[in-house]
Amino acid sequence: MRAIVYEKFQGPLTLQNVLDPTPKNHGVVVKVTATGLCRSDWHGWMGHDADIVLPHVPGHELAGIIAEVGKDVKNFKVGDRVTVPFVCGCGTCPECHSGNHQVCDNQTQPGFTHWGSFAEYVNLDHADINLVKLPEEITDITAAILGCRFVTSFRAVVDQGKVQGGQFVAVHGCGGVGLSAIMIANALGAQVIAIDINEETLKLATELGVTKTINASKSPNVIEEVKEYTHGGAHVSLDALGSQATCFNSIANLRKRGKHIQVGLMTGDHQHPKVPMDKVLANELEILGSHGMQAFRYTAMLEMIKEGKLSPQKLVERTISLEDAIIELPNMDKFVNKGVLVIDDFGK
């Protein structure tokens, strides 16, 4: 099969012909029809993920058609159109037994623990637990951007943040994760504030329903601007970027008993940010993480998409080829795109 491969971190990406995958007894092989470019793929290429063994094929957000099925798989068959969350649970550890597959003790992640979806075919493990059948109403391109940023944002806003209509929600960083969170919070009736440094991105956030935008590169004080607009601070605030500044601001701009949700990956020098712990204590703030979403929670999200309450397809800036991704992936830290890029052309 054709696949994008890198043989050293931060090294060249090349299009190669590699061996086709074969399914494990509990897994499947999926023919990839669309796969999203995510900043997590960039983090992997940079060497920020200890699970990656070189040489490596990136890619973890995908939609496709099952091409082969392991002998122990009961709920899926060849020809089924599916997607998958980027965290795949094992189904047998204590976390999976409690329903928390997104923090499975033995989790696998395509594009990290094994070769991913920047290829014609990809292996997916423990299919009966992790695969999600796609309804006809949802296109491959839309489904391809759900598996990481959109489901992580859905869990962050709905399950972790428990956002309600009328609440103020601040979103720090308006890339794919942030824009997804804005759309979801807006659908729940929240008043959403978008914070970013790119005017084009903030314009897109406005189109998705935010009530206020803040350009952090021009604001004299992001925290005070949020507090003034919300009359005391946000009820829920998300760091959707993953930096020292956005994490601190997201916690510090909360009202009393507010919730901070960490969604953006914290890597390199940003792994251990400063936290205003005095405010956390005095104001009884909550600090929560959000790491993917279980496959069984897709049902509620997919229904909202089918009913038109959520429109993740609006986040897609353009589709590209597998060859194009060789150039696009290393440049993801430059934030030149205001929306999401999706590979839907795998060549011949």
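Guide: Asp140 is partly exposed, with a relative accessible area of 25%, where buried means under 20%, exposed over 50% and partly exposed anything in between, calculated with a 1.4 Å probe on protein chains only. Arg81 is partly exposed too, at 24%, and Arg81 forms a salt bridge with Asp140 in which the closest N and O atoms are 2.7 Å apart, a salt bridge being a side-chain nitrogen of Lys or Arg within 4 Å of a carboxyl oxygen of Asp or Glu. Because Arg81 belongs to strand β5 (residues 81-83) and Asp140 to helix α4 (residues 140-143), the pair ties together parts that are 59 residues apart in sequence; helices (H or I, at least four residues) and strands (E, at least two) are DSSP runs, numbered from the N terminus.

The model is a predicted one, in which local features need pLDDT of at least 70 and side-chain atom pairs count only at pLDDT 80 or more, while totals for chains, interfaces and linings use all residues. Residues are numbered from 1 along each chain as its sequence is written, and side-chain values use heavy atoms, with hydrogens and water left out.

The count of salt bridges comes to 14. One of them joins Arg149 and Glu61, whose side chains meet at 2.5 Å, N to O; this pair links distant parts of the chain, with Arg149 in helix α5 (residues 146-160) and Glu61 in strand β4 (residues 61-69), 88 residues apart. Arg149 is buried, at a relative accessible area of 5%, and Glu61 is buried as well, at 0%.

Another salt bridge runs from Asp125 to Lys24, with 3.4 Å between the closest N and O atoms. Here both partners sit in loops, Asp125 in the one between β6 (121-124) and α3 (127-130) and Lys24 in the one between β2 (13-17) and β3 (28-36), so that parts of the chain 101 residues apart are linked. Asp125 counts as buried at 4% relative accessibility, whereas Lys24 is partly exposed at 44%.

Thr108 lies in the loop between α2 (94-97) and β6 and counts as buried at 15% relative accessibility.

Turning to the rings, a search of the whole structure finds 2 aromatic pairs. The rings of Tyr6 and Phe9 have their centres 6.3 Å apart and their planes at 55°, so this pair is tilted; rings of Phe, Tyr and Trp (its six-membered ring) pair if their centres lie within 6.5 Å, and planes under 30 degrees apart count as stacked, over 60 as edge-to-face and the rest as tilted. Tyr6 is buried at 0%, while Phe9 is partly exposed at 32%. In the other pair, Phe168 and Tyr229, the ring centres are 5.9 Å apart and the planes stand at 75°, so the pair is edge-to-face. Since Phe168 lies in strand β8 (residues 168-172) and Tyr229 in helix α8 (residues 222-230), this pair ties together parts that are 61 residues apart in sequence. Phe168 counts as buried at 10%, and Tyr229 is partly exposed at 27%.
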